[in-house]
Amino acid sequence: TGKHGDVDCNGLINSIDALKILRHSAGLNSPPCVALGDVDCNGLINSIDALKILRHSAGLAPGTKPPGCPDIGQ
């Protein structure tokens, strides 16, 4: 198991993870840990998740998440 948001399973959560989510959403490929990309725990892996990862990478609050949903990086 990896960290929440680490879709390429390299131990880092950064803009590359967001890019890989966008590529996955476009049907171009699926990164190895794509399931970790659902950072808002809504059952979808999409551009909103990518935006939340970018905000996290920039040191900004990623936004709201439901109770029980792990923080990005956990």
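C9 is partly exposed, with a relative accessible area of 38%; partly exposed lies between buried (under 20% relative accessible area) and exposed (over 50%), using a 1.4 Å probe and protein chains only. C9 sits in the segment before α1 (15-25). C41 belongs to the loop between α1 and α2 (47-57).

| Residue | Phi | Relative accessible area |
|---|---|---|
| C9 | about 60° | 38% |
| C41 | near 55° | 33% |

A word on the background: this is a predicted model, where local features need pLDDT of at least 70 and side-chain atom pairs count only at pLDDT 80 or more, while totals for chains, interfaces and linings use all residues. Residues are numbered from 1 along each chain as its sequence is written, and side-chain values use heavy atoms, leaving out hydrogens and water.

Now to the whole chain. The protein chain has two helices and zero strands, where helices (H or I, at least four residues) and strands (E, at least two) are DSSP runs numbered from the N terminus. Its radius of gyration is 11 Å, close to the 11 Å that the globule rule gives for 74 residues, so the chain is as compact as a globular protein of that length. That radius is taken over C-alpha atoms, and the rule is 2.2 Å times the number of residues to the power 0.38. The C-alpha atoms fill a box of roughly 30 × 25 × 20 Å along the principal axes. Of the 74 residues, 31% count as buried.
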